[in-house]
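Grab your viewer and work through these exercises one at a time.

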Amino acid sequence: MAAASPAVVLCLSGHDPSGGAGLQADIEAVRAQGAHPATVVTALTVQDSRNAYAVDALPAAGVLEQAELIFEDLPVASVKIGLLGSVENIEAVTGLLARHPEVPVVLDPVLRAGGGAALADQTQVSALLQLLPRAAVLTPNLAEARQLAHPARTREACAEFLLAHGARRVLITGGDETESDEVLNTLHTTRGTRSWRWPRLPHRYHGSGCTLAASLAARLALGEPLETALESAQRYTWETLRRAYRIGRGQYFPQRLGH
């Protein structure tokens, strides 16, 4: 007897040759939840565990063709969006999602590498705002939220800006803010705010944002209620960081598979 088909998560992200972030992170995080990752390459990057050095976006027509074929062939249950790489890709994906309004989308606005290098210019940052209304959850870290909502600085001001521009739920993560012994993640909606606090771990991590967004998309694809999925994805991500390993000369990689 054939096994039941797993829920499908369509992941649109860049390729990271180090294997710590991007599509490789998406694949591992989605698999770890018991879902199936269908992957669309949006950009090729030059990066390692220390930083990113170049981004080469694929042509929008090719990105769109990859994604449309997956939608036609597989029962896509959720979409996870990471690095898109160009304004043309952002516009193409916006149009694609408008044709599939029933599918929940988790949008991780990948704007800067963990080592500090910019992965998107200001025109791309502005273009990303048109994607906000399609996202069930937007998952920026605080630095990315500030970049999207410039000149806003506080969590609350950034969230207010993003909600005003069409975001339905904004999960602002605080892993890069190092002033306390805890990591503060806050969910903002028009109805209010909910917070989670996680013990701060000792290292810098490559691919933590990808891990969180992909695992959240997988949980939604599996049919978990949003509040439960948010909790599950954060807990899973924290555990991957607790078990992280250092394989190169830079940041630690989350241990997304196994124990």
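**Exercise 1.** Which glycine takes a positive phi just after α1?

*Solution.* Keep in mind that you're looking at a predicted model.
- Step 1: go to the end of helix α1, which covers residues 22-32.
- Step 2: check the backbone just past that helix, and you land on glycine 34, with a phi of about 95°.

**Exercise 2.** Work out which residues of α1 are buried, and what they pack against.

*Solution.* 
- Step 1: list the buried residues of the helix: Gly22, Leu23, Gln24, Ala25, Asp26, Ala29 and Val30.
- Step 2: look at the numbering with helix geometry in mind. An α-helix has 3.6 residues a turn, so residues three or four places apart point the same way.
- Step 3: find the partners. The buried residues of α1 pack against the strands β1 (8-15), β2 (36-47) and β4 (76-81), and also against helices α7 and α8.

**Exercise 3.** Find the residues that touch the most other members of the largest nonpolar core, then take one and trace its contacts.

*Solution.* 
- Step 1: the largest nonpolar core has 42 residues, and those touching the most other members are Leu10, Leu12, Val79, Ile81 and Leu131.
- Step 2: pick isoleucine 81. Skipping residues up to four places away in sequence, Ile81 touches Leu12, Val93, Leu97, Val105, Val106, Leu107, Asp108 and Leu131.
- Step 3: A second, separate one has 33 residues, including Val9, Val137, Leu171 and Leu187.
- Step 4: the general background is that in soluble globular proteins, nonpolar side chains tend to be buried together.

**Exercise 4.** How many aromatic pairs does the structure hold? Classify the one formed by tyrosine 205 and tyrosine 252.

*Solution.* 
- Step 1: the count is two aromatic pairs.
- Step 2: for tyrosine 205 and tyrosine 252, the ring centres are 6.4 Å apart, inside the 6.5 Å limit for a pair.
- Step 3: their planes sit at 65°, and over 60 degrees counts as edge-to-face, so that's the label for this pair.
- Step 4: locate the partners. Tyrosine 205 is in the loop between β9 (192-199) and α7 (208-221), while tyrosine 252 is in the segment after α8 (226-242), so the pair ties together parts that are 47 residues apart in sequence.
- Step 5: check accessibility. Tyrosine 205 has a relative accessible area of 14% and is buried, whereas tyrosine 252, at 21%, is partly exposed.

**Exercise 5.** Describe the largest cavity by its volume and its lining.

*Solution.* 
- Step 1: counting cavities of 30 Å³ or more gives one.
- Step 2: the largest cavity holds about 60 Å³ of space.
- Step 3: collect the lining, which is made up of Gly82, Leu83, Leu84, Gly85, Ile90, Asp108, Pro109, Val110, Leu111, Ala120, Gln124 and Leu128.
- Step 4: sort these residues by type, and you get eight nonpolar, three polar and one charged.

**Exercise 6.** Is asparagine 89 buried or exposed? Say which residues are in contact with its atoms.

*Solution.* 
- Step 1: asparagine 89 is in helix α3 (residues 87-98).
- Step 2: the relative accessible area of asparagine 89 is 0%, so this residue is buried.
- Step 3: leave aside neighbours within four places in sequence, and the contacts of asparagine 89 are Thr42, Ala57, Leu58, Pro59, Ala60, Val63 and Leu84.

Conventions
Residues numbered from 1 in each chain as written. Predicted model: local features only at pLDDT ≥ 70, side-chain atom pairs only at ≥ 80, totals over all residues. Heavy atoms only, no water. Phe/Tyr/Trp six-rings, centres within 6.5 Å; stacked < 30°, edge-to-face > 60°. Helix = DSSP H or I, 4+ residues; strand = E, 2+ residues; numbered from the N terminus. Buried < 20%, exposed > 50% of the residue type's maximum accessible area, 1.4 Å probe, protein only. 1 Å grid on protein atoms, 1.4 Å probe; cavity = no way out; pocket = protein on both sides within 12 Å on 5 of 7 lines; lining within 4 Å. Points joined across faces, edges and corners; volume = space filled by probe spheres on them. Nonpolar A, V, L, I, M, F, W, Y, C, P; charged D, E, K, R; others polar. Core = buried A, V, L, I, M, F, W, Y, C linked by side-chain atoms within 4.5 Å. Contact = heavy atoms within 4.5 Å.
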